[in-house]
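Student: I have a model open and would like to go through it residue by residue. Can we start with a loop and work outwards?

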Amino acid sequence: CIVRTLHTLIDSRRRQARWSTMIEANKITPHDTLLVLKYSASLLVFSLVTSFFLQQIIEFQRSDLATDAFSRISKRVDVTWPELCDIIDAGDYQILGRSAEIQKKYRSWQADLQASNITLDSYLRKEFLTWKTAQLSNGSLIDISLRLNTFPYDVVQPIQHYVLWLKEAIYNRTEIESLLRKELPKKELTFFVNYPNLQTVKSIFHVQVFARDWMSS
């Protein structure tokens with residue numbers, strides 16, 4: 001649509017140039033005027049329709065509908081540690097999901113929050129997250145909160161699903177792992193930052209973390 005719009009606008013510029021030449025040459029007829037008016041109206045309608053659909057696409061990507069669309073992708077259940085590592089290495093985060101039972105509880109909990117006029121962001125900041133200060137490798141300080149996921153993905157026991165919340169975004173895997181090693185020193189770890197369209201919470205940077213005892217099989 002964008003490419004077609006650009007071509008249409010370019011063509012419009014050319015027509016305007018020809019129109020200006022015709023005006024100067026005094027060669028305009030009533031029929032020509034009618035054609036220009038029709039063309040201008042068509043261009044306006046096309047531009048409005050294109051703008052509308054682009055806006056709908058943007059709103060879709062920002063909304064939970066995008067997440068719901070991905071939720072219809074076949075989910076992996078009872079994911080083992082090797083499978084989990086393979087999924088994360090491949091970046092196929094969308095196939096990780098909750099069990100039907102946990103997902104039902106999660107939706108019910110969300111509905112309760114909405115009924116109480118409490119936003120998810122407000123609940124997390126005011127009631128759920130407890131912050132502590134951690135140090136990065138460069139010596140700078142950052143506030144973090146590591147919590148077990150109340151509504152975890154469907155992974156087999158004894159894998160535990162945590163969420164590492166941070167007041168500042170960090171995408172350096174070495175830094176993230178360093179923070180996690182301090183919080184979970186006796187655990188084998190794997191983690192990822194979810195794709196934006198899969199994130200329920202976009203206002204607080206967070207990392208999906210999975211841990212198990214070193215000797216777990």
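Student: Is Asn194 buried or exposed?

Tutor: Asn194 is buried, with a relative accessible area of 8%. Buried means under 20% relative accessible area, exposed over 50%, and partly exposed in between, with a 1.4 Å probe and protein chains only. This is a predicted model, so local features need pLDDT of at least 70 and side-chain atom pairs count only at pLDDT 80 or more, while totals for chains, interfaces and linings use all residues. Residues are numbered from 1 along each chain as its sequence is written, and side-chain values use heavy atoms, with hydrogens and water left out.

Student: Where is Asn194 found?

Tutor: Asn194 sits in the loop between β4 and β5. Helices (H or I, at least four residues) and strands (E, at least two) are DSSP runs, numbered from the N terminus.

Student: Which residues is Asn194 in contact with, leaving aside its neighbours within four places in sequence?

Tutor: Asn194 touches Tyr93, Tyr153 and Gln199. Contact means heavy atoms within 4.5 Å. With Tyr153, the side chain of Asn194 makes a polar contact of 3.4 Å. A polar contact is a pair of N or O atoms within 3.5 Å; within protein, one must be able to donate a hydrogen and the other to accept it, and residues adjacent in sequence count only if both atoms are side-chain atoms.

Student: Zooming out, how many helices and strands does the protein have?

Tutor: There are seven helices and five strands. Listed from the N terminus, the order is α-α-α-α-α-α-β-β-β-α-β-β.

Student: And what share of the residues is buried?

Tutor: 32% of the 217 residues count as buried. The protein exposes about 14100 Å², of which carbon and sulfur atoms supply 56%; accessible areas come from the Shrake-Rupley method with a 1.4 Å probe, and for residues only the protein chains shown count as cover. As for contacts between residues at least 6 apart in sequence, 60% join residues at least 24 apart.

Student: Now α7. Which of its residues are buried?

Tutor: Glu175, Ile176, Leu179 and Leu180 are the buried residues of α7. They cover an arc of only 135 degrees around the axis, which puts them on the same side of α7. The arc is that of the directions from the helix axis to the C-beta atoms.

Student: What do those buried residues pack against?

Tutor: The buried residues of α7 pack against β1 (132-135), β2, β3, β4 and β5. Thr174 and Lys182 are exposed residues on the face of α7 turned away from its buried side.

Student: What happens at the start of α7?

Tutor: A side-chain oxygen of Asn172 comes within 2.9 Å of the backbone nitrogen of Thr174. Thr174 counts as exposed, at 61% relative accessibility. Between the C-alpha atoms of Thr174 and Ser137 the distance is 9.3 Å, and the two are 37 residues apart in sequence.

Student: Switching to α5: which of its residues are buried?

Tutor: In α5 the buried residues are Tyr106, Gln110 and Leu113. Their arc around the axis is only 60 degrees, which puts them on the same side of α5. What covers them includes α6 (120-128). Ala100, Glu101, Lys104 and Ala115 are exposed residues on the face turned away from the buried side of α5.

Student: What follows α5?

Tutor: Asn117 follows α5, and its phi is positive, near 55 degrees.

Student: Last topic, salt bridges. How many are there?

Tutor: The count is eight salt bridges, a salt bridge being a side-chain nitrogen of Lys or Arg within 4 Å of a carboxyl oxygen of Asp or Glu. One of them joins Glu101 and Lys105, with the closest N and O atoms 3.6 Å apart. Both residues lie in helix α5 (residues 100-115), four residues apart, about one turn of the helix.

Student: Which residue does Arg212 meet in a salt bridge?

Tutor: Arg212 meets Glu188, at 2.9 Å from N to O. The pair links distant parts of the chain, with Arg212 in strand β5 (residues 205-213) and Glu188 in strand β4 (residues 187-192), 24 residues apart. Arg212 and Glu188 are both buried.
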